[in-house]
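Morning, everyone. I have one structure to walk through today. Please have it open in your viewer.

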Amino acid sequence: MTRECAVLLPGVCAALADPRHPGLDDTCLEKLLDWFRSLTWFDPTVELVQDNPCLTELITSVLALPDPSPSILSFTLQLAGILASSESRFQHLQQEKLLGRLFGPEGPRGGAAWEDASVRSAWVKGVHSMLHHQPALLFLCSTGGMDVIFTLQGDPSLFVASAASQLLVHMLTFSLESETPKALSARGCAWPACAQMIVQHIQECLQSSSASRIEHSLKLLSSLFGSCFGSCYTAWTEVLWLDIAKQIESFLLEETVQAQPLLANLLLNVARSPVFCGTEGSFWALVTSALEHLTPVQAGPLAVGLLKLCKCPQDVRIQALTVLLQPMDCILRAASQPLECAGLLDESVSDPGTVESLLSSKTTCAGLLCQTLAHLEKLLSLKHLRVDLPCVSLLHSLMTILQFCNGFLSPASPLGSTISRNLINCFRVQKSALDVLAALSEEKDCDTLMGSLFDVLLAYLQSPNTSPTVLKKTFQATSKWLVHLQELSCSNSQWQQTEKILEDVFVVLQKRLCSPCWEVRDSSLEFLTAMVKCLREQKEFRQCLLSSEVLRLTQNLLEDAESYVRASAVTAVGHLAPITCFAPESPVIGNQYNKESIVAKLQEILSTDSEGFPRRAVISIFTKWLREGCTGQLEDTEQFVSRVIQIVERDLDWEVRLGGLELVEVFCSQTICQLSQCPYAPVSSAVTGSTHQNELLQVFCRAKLFGFLFGSLCDCDKPVGQRACDVLVGLRGHFYPMSTLENPQEIEDSPAGRGIAWLQRTLRQGSLAQNFPRDGGDGVDFQDPESMMLALGAIDLLELHDELNKSSDHVEESPQSLLQDILATVGAIEDNEVDCY
C-alpha cells in the first residue's frame with residue numbers, strides 16, 4: 001500500500017462506518033474490495049491489518065450498528081473474508097473476536113439482515129475468500145457454518161444458491177489437498193472430516209423424498225465432477241462415484257423422478273474424469289442405460305457430449321450417434337411409404353414411438369428438431385469425429401425437413417402428414433436445417449443428390465413466402481454448395497449441370513436484388529460477394545455473371561436509400577471490379593463499368609455519404625485493391641492514395657480514419673518493396689542517404705502522407721493515434737538504424753530544427769492538439785523530404801507510442817483516486833482535493 005493511500009484509508013473507513021453519511025455506490029465498494037484482494041494476494045503477512053488498525057475498527061463499528069445498511073454489512077463480510085484469507089491475518093482477527101461475530105451463530109445469519117439476499121451472498125463470498133487454510137476450515141465446521149451452506153443451496157436467490165454450491169465444491173477440494181490417499185480400494189477410504197460432512201449430506205439428499213433436495217444434490221455433484229476435483233483427485237472421484245452410482249441408476253429407472261433432466265449433465269461430467277478412461281466397468285453400462293431411458297430431449301446433450309470425448313468406448317459412441325439420428329430417421333421414414341426408403345438407422349436405442357409422438361405434437365416437434373439439428377451442426381464442426389456420419393441419408397433427411405417446412409412435399413404416410421402440418425412455415429426449423437445443410441457441404445459422398453439439393457435451395461430462393469432471415473441462411477448454404485459443386489465439376493467434368501445451376505441462381509439473384517425489402521437486397525449482395533470470393537476463377541461463373549443484369553443492378557444499389565445496402569453494394573462492387581474492369585483481359589461491358597468511373601463513384605461515396613457504413617466499406621475496398629495491386633503503376637497509386645487520404649483525414653467517423661491509416665501502411669510497405677533491392681534487409685548507414693531513400697521520401701511527401709500521419713497522432717480517438725504511431729515507428733525503423741537517430745539539440749538552431757521542436761511539443765499535448773495544422777505550423781513543411789527525415793529521426797516516437805498505449809484509466813482508476821472519490825462522495829474532503837472521474 002502506498003503512503004498516500006495509507007493516509008486516506010482511515011478517513012474512508014470512518015466514512016463507511018458512519019450511518020449519517022449517504023450510502024456509497026455499489027460499484028465503488030466493489031472496486032474497493034478488488035483493491036484489497038490485490039493487496040492480500042501479493043502480501044499474506046499480518047502487517048496489512050496491524051499497520052492499518054482502521055480496518056478492524058471499521059468491522060467493529062459496523063458490528064456495533066443497531067441496523068447497518070445491507071450494502072455496508074455486505075461489504076464488511078466480504079472485506080473480513082478477504083483479510084482472513086491468510087492464516088496470520090485470520091489469527092489476528094480471531095484474537096480481536098471479530099470472525100465469530102461475522103460468520104458465527106451470533107453474526108448476521110441469525111438476524112433480520114439475513115432476509116436480504118445481498119447479505120447472504122456476501123456471507124458466502126466472505127467464507128469462500130477465507131477458506132485458504134486449515135484453521136478457517138476448522139472454524140467454519142465448529143461454528144455450524146456447514147449447515148448454513150447446505151441450507152443456502154436451496155436459496156430462493158439463484159445467485160446465492162449458485163455461490164453456495166461453488167463454495168461446497170471448493171471446500172471438498174481444499175479439504176483433500178493435505179490428504180495423501182493411501183492404497184485406496186473401493187470402500188477402504190476414509191474421507192477427511194469436512195469432506196465427510198459434504199459427502200454424507202449429498203447421500204442423504206439423494207435418498208430423501210424431497211425433489212428439491214435431490215435436485216440440489218445432483219447440481220452439486222455435476223459441479224463437483226465438472227471441476228478440477230474430477231481430474232486431480234481420481235482416487236477420491238472413484239470412491240465418491242461408487243457411493244452414489246446405485247442411487248443414480250435408480251433415478252434413471254424411475255420415470256417419475258423430476259431430477260432426470262439433471263442426470264445427463266452429471267453423467268457427462270463424470271465421463272470426462274480420467275477415472276473412467278477404460279472401456280470396462282459399470283459406469284459405461286450406466287451411460288448406455290441413460291441413453292435408453294432418458295427422453296430424446298434429455299439424452300441429446302449427453303449424446304453429443306459423449307461423441308466429443310476421445311476416450312468414450314466405440315459401442316457407446318455409436319449408441320450416442322444413434323440417439324441423435326433417431327429424429328432424422330423418423331422424418332425420412334415418415335416422408336415415404338414403407339420400403340421406399342430404408343431410413344438412417346438399422347435399429348433404435350430407445351422406443352421409436354417416443355420420437356414419433358414428439359414429432360407428432362405441435363408443441364414439441366419444432367423444439368426436438370431444432371435441438372437435434374444444433375447438435376448435428378456441432379458434430380459437423382469437429383475436425384476429428386470418431387464415428388462415421390451417414391452423410392447421404394442425413395442430407396436426404398435435411399432436404400425432407402426443408403420441403404415439409406415450405407409445403408413442397410406431400411408425404412404418403414399419416415405420420416408424415418402430421419409432421420408436415422407441424423412444420424409448415426416454421427422459421428426456427430428452417431434456419432437450423434439450413435445451418436446443418438451448409439456444414440454438410442464440407443463432407444464427401446453427397447454428389448448423387450446434388451441436383452435434388454439445388455432444386456430445394458432454388459425453391460427457397462424463389463419462393464415469396466421465404467422470410468428474410470431464412471433467405472439469408474439459404475444464400476449462405478447455397479454459396480457453400482456452389483463451391484462444392486465447382487470442385488465436383490472440375491473432377492467429373494459435369495460442366496452442363498454446373499452451368500444450368502449457376503444460370504438459375506443468377507436469375508433468382510436478379511429478382512432478389514430488386515426486392516422492396518432492404519434485408520433481402522442486403523443478403524443478396526452479401527451472397528454475390530461470397531460467390532465472387534469463391535468462384536471468380538471459374539469460367540462458367542464469370543460467363544453467367546457477365547451475361548446477367550447483376551452488375552447493373554449492383555451498381556444501382558450504390559444509390560440505395562438504406563445505408564446497410566449501400567455498404568454491401570460497395571463491397572460487392574469492390575470484389576467484382578477485378579473481374580469487370582481491372583484485369584487486362586476483362587471484356588468491355590459499358591462505360592459505367594470502366595475503372596475510372598468505378599473509382600470516381602466510390603470516392604464520391606467516401607466524401608459525401610451521410611452514413612458511416614458505406615464510407616467504411618469504401619476505405620476497406622480501397623485497401624483491398626491496393627493490396628492486390630489493382631491500382632496500377634506507382635505514379636497512379638501515389639495519386640490515388642493522396643486523393644483518398646485527403647478525403648479521409650476530414651471524416652468524422654474514427655473507423656474511416658483508421659481505415660485510411662491501414663491504406664497508408666499498405667502503400668508504404670508496397671512502395672518500400674518496389675524501390676528496395678531487398679525489402680527485408682536492414683538498411684545500412686551508407687544507404688540511408690542514398691537516392692533510394694530520397695526517392696522514397698519524395699513519394700511519401702508528394703502523397704501528403706506525413707501531414708496525415710502526424711496529425712493522426714493527436715486524434716481524439718485513441719486507436720487512430722496508436723495506428724498512426726505504429727506506421728511512423730515502422731517508417732523510422734526503415735530510414736534510421738537505431739544507432740544513427742538525430743540529436744534534436746544539434747538541429748534546434750536550424751529553421752527546420754525549430755519546426756521539429758514545435759512539432760514535438762505539439763504532439764506531447766496529445767488529443768488536446770486536435771486542431772493540428774496538417775499543412776504545417778511554425779515552420780514545419782510536411783511535404784519537404786529533408787524536414788520529414790529530420791522529424792522521423794528527432795521526435796521521440798517510442799515515448800509517444802508508450803503514452804498512447806497507456807490505458808485511459810491508469811490515473812483515474814488508481815487506488816488513491818478511488819479513495820479520494822469515496823471521501824468526496826461522503827463530503828469528507830473539499831472538491832479541489834479529489835480526482836473524480
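I will go from the overall fold to one helix, then to salt bridges, backbone angles and a surface patch.

Ground rules first. This is a predicted model, so local features need pLDDT of at least 70, side-chain atom pairs count only at pLDDT 80 or more, and totals for chains, interfaces and linings use all residues. Residues are numbered from 1 along each chain as its sequence is written, and side-chain values use heavy atoms, with hydrogens and water left out.

Now the overall picture. The protein chain has 44 helices and zero strands. Those are DSSP runs, H or I of at least four residues for helices and E of at least two for strands, numbered from the N terminus. The chain has 837 residues, and 54% of them count as buried. Buried means under 20% relative accessible area, exposed means over 50%, and partly exposed is in between, with a 1.4 Å probe and protein chains only.

Next, contacts, meaning heavy atoms within 4.5 Å. Take those between residues at least 6 apart in sequence: 71% join residues at least 24 apart. The chain exposes about 37400 Å², with carbon and sulfur atoms supplying 51% of it. Accessible areas come from Shrake-Rupley with a 1.4 Å probe; for residues, only the protein chains shown count as cover.

Let's zoom in on helix 2. Helix 2 covers residues 26-42, 17 residues in total. From first C-alpha to last, helix 2 reaches 25 Å, close to the 24 Å expected at 1.5 Å a residue. That expected span is 1.5 Å times one less than the number of residues.

Which residues of helix 2 are buried? C28, L29, L32, L33, W35, F36, L39 and T40. They cover an arc of only 155° around the axis, so they sit on the same side of helix 2. The arc is taken from the directions from the helix axis to the C-beta atoms. What do these buried residues pack against? Among their partners are helix 1 (3-17), helix 5 (70-83) and helix 44 (815-825). On the face turned away from the buried side, helix 2 carries the exposed residues D26, W41 and F42.

N269 has a relative accessible area of 10%, so it counts as buried. Leaving out residues up to four places away in sequence, N269 touches S222, F225 and G226.

On to charges. Side chains of opposite charge can pair when their charged atoms come close. The rule for a salt bridge here is a side-chain nitrogen of Lys or Arg within 4 Å of a carboxyl oxygen of Asp or Glu. The count comes to 23.

Start with K500 and D504, joined at 2.7 Å, N to O. Both lie in helix 27 (residues 495-513), four residues apart, about one turn. K500 is partly exposed at 46% relative accessibility. D504 is also partly exposed, at 23%.

R552 pairs with E549, the closest N and O atoms being 2.6 Å apart. R552 is partly exposed at 37%, and E549 is partly exposed at 37%.

Then E665 and R723, at 2.9 Å, N to O. This pair links distant parts of the chain: E665 in helix 35 (residues 654-675) and R723 in helix 39 (residues 718-735), 58 residues apart. There is also a network, with E559, K601 and E604 joined by salt bridges that share partners.

Backbone next. Most residues other than glycine have a negative phi. K97 has a positive phi, near 55°. K97 lies in the loop between helix 6 (87-95) and helix 7 (99-103). At 62% relative accessibility, K97 counts as exposed. K704 also has a positive phi, about 60°. Its loop runs between helix 37 (691-702) and helix 38 (705-712). K704 is partly exposed at 34%.

Last stop, the surface. Which residues form a nonpolar patch? W518, Y564 and F613, with about 270 Å² of accessible area together. Patch residues have over 30% relative accessible area and no salt bridge; like charges are joined within 9 Å, nonpolar side chains (Val, Leu, Ile, Met, Phe, Trp, Tyr) within 5 Å. F613 sits in helix 33 (residues 612-627). At 34% relative accessibility, F613 is partly exposed.
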